Amino acid sequence: GGKVRITFDDTIEAGTDFVLTVRYGGNPRPIRTAWGEIGWEETESGALVASQPNGAPSWFPCDDTPSEKATYDIRVTADNPFTVISNGTLVSKKAQNSTTTWHYKVDSPMATYLATIQVGEYTKFKLGRNTTAWAPAHLRARVEEEFKQQQEMLDFYESVFGEYPFPDYQVVITDDELEIPLEAQGLSIFGSNHIAGDHRFERLIAHELAHQWFGNAVGISEWKDIWLNEGFACYCEWLWVEHLGTSTAHEVARSHYLVLSRKGQDLTLADPGTRDMFDDRVYKRGAITIHALRRLLGDEAFFAAVRNYLHDARHSTVVPDDFIGHVEAAATRAGIAPEELAELLDVWLNQKPLPKFPA
Ligand SMILES: [Zn+2]
(Lines give C-alpha, C1' and ligand atoms only; values in the text may rest on other atoms or scores of the structure.)
Protein backbone atom coordinates (compact mmCIF):
# COMPACT_ATOMS: atom_id res chain seq x y z
CA GLY A 1 0.00 0.00 0.00
CA GLY A 2 2.84 2.41 -0.65
CA LYS A 3 4.41 1.93 2.79
CA VAL A 4 7.44 -0.02 3.94
CA ARG A 5 7.38 -1.39 7.48
CA ILE A 6 10.80 -2.19 8.89
CA THR A 7 11.54 -4.23 12.02
CA PHE A 8 15.03 -4.44 13.52
CA ASP A 9 16.73 -7.33 15.30
CA ASP A 10 17.97 -5.00 18.02
CA THR A 11 16.25 -2.04 19.61
CA ILE A 12 17.60 1.24 18.29
CA GLU A 13 17.45 3.93 20.97
CA ALA A 14 15.62 7.12 19.99
CA GLY A 15 18.07 9.76 18.80
CA THR A 16 20.62 7.22 17.53
CA ASP A 17 22.10 7.80 14.08
CA PHE A 18 22.04 4.73 11.89
CA VAL A 19 22.32 3.76 8.23
CA LEU A 20 19.45 2.01 6.52
CA THR A 21 19.89 0.62 3.02
CA VAL A 22 16.75 0.01 0.98
CA ARG A 23 17.30 -2.05 -2.16
CA TYR A 24 14.46 -1.88 -4.59
CA GLY A 25 13.65 -2.44 -8.22
CA GLY A 26 10.81 -2.17 -10.66
CA ASN A 27 9.46 -0.26 -13.60
CA PRO A 28 8.75 3.35 -12.71
CA ARG A 29 5.37 4.62 -13.83
CA PRO A 30 3.13 7.56 -12.95
CA ILE A 31 1.01 7.57 -9.79
CA ARG A 32 -2.68 8.30 -10.15
CA THR A 33 -3.69 11.14 -7.79
CA ALA A 34 -6.41 13.73 -7.22
CA TRP A 35 -4.41 16.05 -9.51
CA GLY A 36 -3.96 13.57 -12.36
CA GLU A 37 -1.03 11.28 -13.09
CA ILE A 38 2.22 12.51 -11.58
CA GLY A 39 5.78 11.38 -10.96
CA TRP A 40 7.73 9.37 -13.50
CA GLU A 41 6.42 9.83 -17.01
CA GLU A 42 7.56 8.68 -20.42
CA THR A 43 7.99 11.31 -23.08
CA GLU A 44 8.01 10.82 -26.87
CA SER A 45 11.65 9.67 -26.74
CA GLY A 46 12.74 9.69 -23.10
CA ALA A 47 11.40 10.28 -19.63
CA LEU A 48 10.69 13.06 -17.19
CA VAL A 49 9.76 13.36 -13.55
CA ALA A 50 7.16 15.86 -12.34
CA SER A 51 6.36 14.87 -8.76
CA GLN A 52 4.59 17.78 -7.11
CA PRO A 53 3.06 17.11 -4.69
CA ASN A 54 3.34 13.33 -4.06
CA GLY A 55 4.79 11.63 -7.14
CA ALA A 56 8.31 10.95 -5.82
CA PRO A 57 7.55 7.33 -4.78
CA SER A 58 6.92 6.58 -8.46
CA TRP A 59 10.70 6.27 -8.85
CA PHE A 60 12.38 5.98 -5.45
CA PRO A 61 11.48 4.89 -1.91
CA CYS A 62 11.07 7.89 0.35
CA ASP A 63 9.20 9.49 3.22
CA ASP A 64 7.22 11.65 0.83
CA THR A 65 6.34 14.72 2.87
CA PRO A 66 7.71 18.18 2.06
CA SER A 67 9.23 18.51 5.54
CA GLU A 68 11.57 15.53 5.00
CA LYS A 69 14.51 17.15 3.25
CA ALA A 70 17.64 15.14 2.49
CA THR A 71 20.83 15.29 0.44
CA TYR A 72 20.94 13.04 -2.62
CA ASP A 73 23.37 11.01 -4.68
CA ILE A 74 21.78 10.10 -8.01
CA ARG A 75 23.24 7.74 -10.62
CA VAL A 76 21.31 7.04 -13.79
CA THR A 77 22.39 4.85 -16.69
CA ALA A 78 20.79 5.57 -20.05
CA ASP A 79 21.33 4.39 -23.60
CA ASN A 80 23.45 6.62 -25.84
CA PRO A 81 22.84 9.25 -27.16
CA PHE A 82 20.43 10.15 -24.36
CA THR A 83 21.31 12.83 -21.85
CA VAL A 84 20.31 12.54 -18.20
CA ILE A 85 19.73 15.77 -16.31
CA SER A 86 19.15 15.78 -12.58
CA ASN A 87 19.37 18.05 -9.55
CA GLY A 88 22.65 19.25 -8.11
CA THR A 89 26.11 19.01 -9.61
CA LEU A 90 27.24 16.53 -12.25
CA VAL A 91 30.09 14.65 -10.59
CA SER A 92 30.93 12.25 -13.40
CA LYS A 93 29.76 10.84 -16.69
CA LYS A 94 31.04 7.38 -17.59
CA ALA A 95 30.44 5.75 -20.96
CA GLN A 96 30.44 1.96 -21.22
CA ASN A 97 29.55 0.16 -24.44
CA SER A 98 26.28 1.68 -25.62
CA THR A 99 25.29 3.34 -22.33
CA THR A 100 26.42 6.24 -20.19
CA THR A 101 26.10 6.59 -16.41
CA TRP A 102 25.44 10.08 -15.10
CA HIS A 103 26.24 10.79 -11.47
CA TYR A 104 24.74 13.82 -9.75
CA LYS A 105 25.22 15.00 -6.17
CA VAL A 106 22.80 17.28 -4.33
CA ASP A 107 24.50 18.85 -1.31
CA SER A 108 21.68 21.23 -0.28
CA PRO A 109 18.83 19.48 1.54
CA MET A 110 16.01 18.77 -0.90
CA ALA A 111 12.34 17.82 -0.53
CA THR A 112 11.33 14.58 -2.24
CA TYR A 113 8.91 16.28 -4.68
CA LEU A 114 11.75 18.46 -6.00
CA ALA A 115 13.94 15.50 -6.97
CA THR A 116 13.88 14.97 -10.72
CA ILE A 117 15.54 13.39 -13.67
CA GLN A 118 15.01 14.35 -17.29
CA VAL A 119 16.05 11.95 -20.04
CA GLY A 120 16.14 13.00 -23.67
CA GLU A 121 18.32 14.03 -26.58
CA TYR A 122 19.42 17.35 -25.15
CA THR A 123 22.17 19.80 -25.97
CA LYS A 124 23.49 22.15 -23.31
CA PHE A 125 24.28 25.84 -23.70
CA LYS A 126 25.00 28.76 -21.42
CA LEU A 127 22.40 31.46 -20.87
CA GLY A 128 24.58 33.55 -18.56
CA ARG A 129 27.07 33.49 -15.68
CA ASN A 130 25.29 30.77 -13.66
CA THR A 131 22.31 29.94 -15.87
CA THR A 132 22.24 27.08 -18.38
CA ALA A 133 19.69 25.60 -20.77
CA TRP A 134 19.17 22.02 -21.93
CA ALA A 135 17.05 21.64 -25.06
CA PRO A 136 16.76 19.55 -28.22
CA ALA A 137 19.16 21.06 -30.79
CA HIS A 138 16.37 22.14 -33.13
CA LEU A 139 14.81 24.32 -30.40
CA ARG A 140 18.00 26.17 -29.49
CA ALA A 141 17.30 29.46 -31.31
CA ARG A 142 13.83 29.73 -29.79
CA VAL A 143 15.13 28.90 -26.33
CA GLU A 144 17.85 31.54 -26.60
CA GLU A 145 15.24 34.12 -27.57
CA GLU A 146 12.75 33.19 -24.84
CA PHE A 147 15.36 32.91 -22.08
CA LYS A 148 17.61 35.80 -23.11
CA GLN A 149 16.79 37.67 -19.90
CA GLN A 150 17.11 34.64 -17.61
CA GLN A 151 20.42 35.80 -16.15
CA GLU A 152 19.15 39.38 -15.72
CA MET A 153 16.11 37.94 -13.96
CA LEU A 154 18.28 35.91 -11.59
CA ASP A 155 20.47 38.93 -10.90
CA PHE A 156 17.36 41.03 -10.23
CA TYR A 157 15.96 38.47 -7.76
CA GLU A 158 19.34 38.34 -6.02
CA SER A 159 19.24 42.11 -5.59
CA VAL A 160 15.77 41.86 -4.03
CA PHE A 161 15.92 38.56 -2.09
CA GLY A 162 19.60 37.83 -1.51
CA GLU A 163 22.01 35.36 -3.01
CA TYR A 164 20.74 32.62 -5.34
CA PRO A 165 20.57 29.57 -3.04
CA PHE A 166 22.07 26.82 -5.28
CA PRO A 167 25.29 26.32 -7.28
CA ASP A 168 23.59 27.17 -10.58
CA TYR A 169 20.22 27.36 -12.33
CA GLN A 170 19.25 25.16 -15.24
CA VAL A 171 16.21 25.16 -17.47
CA VAL A 172 15.18 22.05 -19.36
CA ILE A 173 12.96 22.42 -22.42
CA THR A 174 11.40 19.14 -23.47
CA ASP A 175 10.63 18.26 -27.07
CA ASP A 176 7.14 17.32 -25.86
CA GLU A 177 4.47 19.84 -25.02
CA LEU A 178 3.76 20.10 -21.29
CA GLU A 179 0.57 21.27 -19.66
CA ILE A 180 2.47 23.47 -17.21
CA PRO A 181 6.14 24.18 -16.48
CA LEU A 182 7.46 22.77 -13.25
CA GLU A 183 10.05 23.65 -10.66
CA ALA A 184 12.61 21.23 -9.28
CA GLN A 185 15.53 22.05 -7.02
CA GLY A 186 18.12 23.99 -9.03
CA LEU A 187 16.24 23.57 -12.28
CA SER A 188 12.90 24.10 -13.99
CA ILE A 189 11.23 22.16 -16.75
CA PHE A 190 9.33 23.75 -19.63
CA GLY A 191 7.55 22.22 -22.60
CA SER A 192 8.28 23.11 -26.23
CA ASN A 193 4.88 24.85 -26.25
CA HIS A 194 6.15 27.37 -23.68
CA ILE A 195 8.75 28.80 -26.05
CA ALA A 196 6.58 30.24 -28.77
CA GLY A 197 9.27 32.80 -29.62
CA ASP A 198 7.15 35.81 -28.63
CA HIS A 199 7.75 35.87 -24.83
CA ARG A 200 4.10 35.01 -24.23
CA PHE A 201 5.10 32.80 -21.30
CA GLU A 202 7.74 35.03 -19.77
CA ARG A 203 5.74 35.23 -16.56
CA LEU A 204 6.19 31.47 -16.21
CA ILE A 205 9.96 31.85 -16.56
CA ALA A 206 9.83 34.45 -13.77
CA HIS A 207 7.53 32.22 -11.70
CA GLU A 208 9.65 29.06 -11.88
CA LEU A 209 12.90 30.85 -11.10
CA ALA A 210 11.28 32.46 -8.03
CA HIS A 211 10.53 28.99 -6.63
CA GLN A 212 14.27 28.46 -6.10
CA TRP A 213 13.97 30.94 -3.20
CA PHE A 214 10.31 30.34 -2.34
CA GLY A 215 9.57 26.62 -2.09
CA ASN A 216 12.96 25.07 -2.80
CA ALA A 217 15.63 26.70 -0.59
CA VAL A 218 12.87 27.62 1.87
CA GLY A 219 10.30 24.84 1.80
CA ILE A 220 6.89 24.49 3.35
CA SER A 221 6.37 21.75 5.95
CA GLU A 222 2.76 21.04 5.01
CA TRP A 223 0.94 21.30 1.68
CA LYS A 224 -1.89 23.32 3.20
CA ASP A 225 0.59 26.22 3.35
CA ILE A 226 1.13 26.19 -0.40
CA TRP A 227 0.09 29.87 -0.63
CA LEU A 228 3.54 30.71 0.79
CA ASN A 229 5.23 29.06 -2.21
CA GLU A 230 2.79 30.02 -4.92
CA GLY A 231 1.83 33.45 -3.59
CA PHE A 232 5.47 34.53 -3.63
CA ALA A 233 6.27 32.87 -6.98
CA CYS A 234 3.26 34.63 -8.48
CA TYR A 235 4.18 37.92 -6.84
CA CYS A 236 7.67 37.63 -8.34
CA GLU A 237 6.05 37.59 -11.81
CA TRP A 238 4.62 41.01 -10.94
CA LEU A 239 7.92 42.27 -9.49
CA TRP A 240 9.63 41.29 -12.73
CA VAL A 241 7.07 43.25 -14.77
CA GLU A 242 7.62 46.18 -12.40
CA HIS A 243 11.39 45.85 -12.86
CA LEU A 244 10.97 45.95 -16.65
CA GLY A 245 8.86 49.08 -16.29
CA THR A 246 5.95 47.64 -18.27
CA SER A 247 3.52 48.00 -15.38
CA THR A 248 3.66 48.29 -11.58
CA ALA A 249 2.99 45.34 -9.29
CA HIS A 250 0.12 47.41 -7.90
CA GLU A 251 -1.53 47.66 -11.33
CA VAL A 252 -1.06 43.97 -12.01
CA ALA A 253 -2.42 43.10 -8.56
CA ARG A 254 -5.48 45.26 -9.23
CA SER A 255 -6.27 43.52 -12.51
CA HIS A 256 -6.02 40.09 -10.87
CA TYR A 257 -8.11 41.34 -7.96
CA LEU A 258 -10.90 42.22 -10.41
CA VAL A 259 -10.77 38.72 -11.89
CA LEU A 260 -10.80 37.18 -8.40
CA SER A 261 -13.78 39.30 -7.38
CA ARG A 262 -15.83 37.65 -10.12
CA LYS A 263 -14.89 34.11 -9.06
CA GLY A 264 -16.35 31.97 -6.28
CA GLN A 265 -15.19 32.95 -2.81
CA ASP A 266 -15.36 29.58 -1.15
CA LEU A 267 -11.75 28.78 -0.34
CA THR A 268 -9.58 29.55 2.65
CA LEU A 269 -6.09 30.59 1.62
CA ALA A 270 -4.53 29.25 4.83
CA ASP A 271 -5.88 25.75 4.11
CA PRO A 272 -7.43 25.36 0.65
CA GLY A 273 -7.83 21.56 0.88
CA THR A 274 -6.84 18.87 -1.59
CA ARG A 275 -9.22 19.84 -4.37
CA ASP A 276 -8.26 23.53 -4.47
CA MET A 277 -4.58 23.21 -3.64
CA PHE A 278 -3.48 24.19 -7.17
CA ASP A 279 -6.46 26.45 -7.86
CA ASP A 280 -5.40 29.68 -9.54
CA ARG A 281 -7.21 31.60 -6.80
CA VAL A 282 -4.65 30.30 -4.26
CA TYR A 283 -1.85 31.69 -6.42
CA LYS A 284 -3.43 35.08 -7.11
CA ARG A 285 -4.94 35.68 -3.69
CA GLY A 286 -1.63 34.57 -2.16
CA ALA A 287 0.21 37.13 -4.27
CA ILE A 288 -2.27 39.91 -3.44
CA THR A 289 -1.91 39.06 0.27
CA ILE A 290 1.83 39.58 -0.10
CA HIS A 291 1.17 42.81 -1.97
CA ALA A 292 -1.15 43.97 0.83
CA LEU A 293 1.69 43.41 3.32
CA ARG A 294 4.04 45.40 1.11
CA ARG A 295 1.53 48.28 0.97
CA LEU A 296 1.12 48.22 4.74
CA LEU A 297 4.82 48.05 5.63
CA GLY A 298 6.27 50.14 2.83
CA ASP A 299 8.96 48.87 0.45
CA GLU A 300 11.96 49.20 2.74
CA ALA A 301 10.47 47.37 5.73
CA PHE A 302 8.67 44.80 3.57
CA PHE A 303 11.64 43.69 1.47
CA ALA A 304 13.91 43.64 4.54
CA ALA A 305 11.41 41.32 6.25
CA VAL A 306 11.33 39.00 3.22
CA ARG A 307 15.14 38.92 3.01
CA ASN A 308 15.42 38.13 6.74
CA TYR A 309 12.84 35.38 6.40
CA LEU A 310 14.68 33.78 3.46
CA HIS A 311 18.02 34.12 5.18
CA ASP A 312 16.88 32.51 8.44
CA ALA A 313 15.02 29.63 6.77
CA ARG A 314 17.50 28.89 3.97
CA HIS A 315 17.75 25.15 3.24
CA SER A 316 15.14 24.27 5.84
CA THR A 317 11.36 24.19 6.08
CA VAL A 318 8.90 26.71 7.46
CA VAL A 319 5.37 27.30 8.64
CA PRO A 320 3.59 30.58 7.82
CA ASP A 321 4.37 31.93 11.30
CA ASP A 322 8.06 31.97 10.41
CA PHE A 323 7.31 34.50 7.68
CA ILE A 324 4.69 36.32 9.74
CA GLY A 325 7.16 36.68 12.63
CA HIS A 326 9.49 38.68 10.38
CA VAL A 327 6.58 40.76 9.12
CA GLU A 328 5.49 41.50 12.70
CA ALA A 329 8.99 42.58 13.69
CA ALA A 330 9.17 44.88 10.66
CA ALA A 331 5.72 46.30 11.44
CA THR A 332 6.75 47.04 15.03
CA ARG A 333 9.88 48.84 13.81
CA ALA A 334 7.76 50.83 11.35
CA GLY A 335 5.33 51.85 14.12
CA ILE A 336 2.34 49.97 12.67
CA ALA A 337 -0.33 48.91 15.18
CA PRO A 338 -0.19 45.12 15.75
CA GLU A 339 -4.01 44.98 15.45
CA GLU A 340 -3.86 46.44 11.95
CA LEU A 341 -1.43 43.74 10.78
CA ALA A 342 -3.35 40.96 12.55
CA GLU A 343 -6.59 42.12 10.89
CA LEU A 344 -4.98 42.15 7.44
CA LEU A 345 -3.58 38.63 7.86
CA ASP A 346 -6.86 37.31 9.21
CA VAL A 347 -9.10 38.59 6.41
CA TRP A 348 -6.74 37.50 3.62
CA LEU A 349 -5.66 34.13 5.04
CA ASN A 350 -8.52 32.85 7.18
CA GLN A 351 -11.72 34.40 5.83
CA LYS A 352 -13.34 33.31 2.58
CA PRO A 353 -14.77 36.58 1.18
CA LEU A 354 -12.35 38.67 -0.84
CA PRO A 355 -11.19 41.58 1.35
CA LYS A 356 -10.94 45.16 0.04
CA PHE A 357 -8.14 45.81 -2.44
CA PRO A 358 -5.07 47.09 -0.54
CA ALA A 359 -5.04 50.88 -0.79
ZN1 LIG B 1 4.45 27.67 -8.83
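Author: Two rings of Phe, Tyr or Trp (for Trp, the six-membered ring) form a pair if their centres lie within 6.5 Å; planes under 30 degrees apart count as stacked, over 60 as edge-to-face and the rest as tilted. The structure is a predicted model, in which local features need pLDDT of at least 70 and side-chain atom pairs count only at pLDDT 80 or more, while totals for chains, interfaces and linings use all residues. Residues are numbered from 1 along each chain as its sequence is written, and side-chain values use heavy atoms, with hydrogens and water left out.

Reader: Which kind of pair do phenylalanine 147 and phenylalanine 190 form?

Author: Phenylalanine 147 lies in the loop between helix H1 (140-146) and helix H2 (150-161), and phenylalanine 190 in strand E13 (residues 187-191), so the pair ties together parts 43 residues apart in sequence. Helices (H or I, at least four residues) and strands (E, at least two) are DSSP runs, numbered from the N terminus. The ring centres are 5.2 Å apart and the planes stand at 75°, so the pair is edge-to-face.

Reader: Are phenylalanine 147 and phenylalanine 190 buried or exposed?

Author: Buried means under 20% relative accessible area, exposed over 50%, and partly exposed in between (1.4 Å probe, protein chains only). By this scale, both phenylalanine 147 and phenylalanine 190 are buried.

Reader: What is the relative accessible area of phenylalanine 323?

Author: Phenylalanine 323 in helix H9 (residues 320-333) is paired with phenylalanine 232 in helix H4, 91 residues apart. Their ring centres are 5.2 Å apart and their planes at 80°, so this pair is edge-to-face. Phenylalanine 323 is buried, with a relative accessible area of 1%.

Reader: Which spacing do the donors of the zinc ion follow along the chain?

Author: Donors are N, O and S atoms within 2.8 Å of the metal (3.2 Å for Na, K and Ca); water is not among the atoms, so sites may look incomplete. The protein donors of the zinc ion are His207 (NE2), His211 (NE2) and Glu230 (OE), at 2.0 to 2.1 Å. Along the chain they follow the spacing H-x3-H-x18-E.
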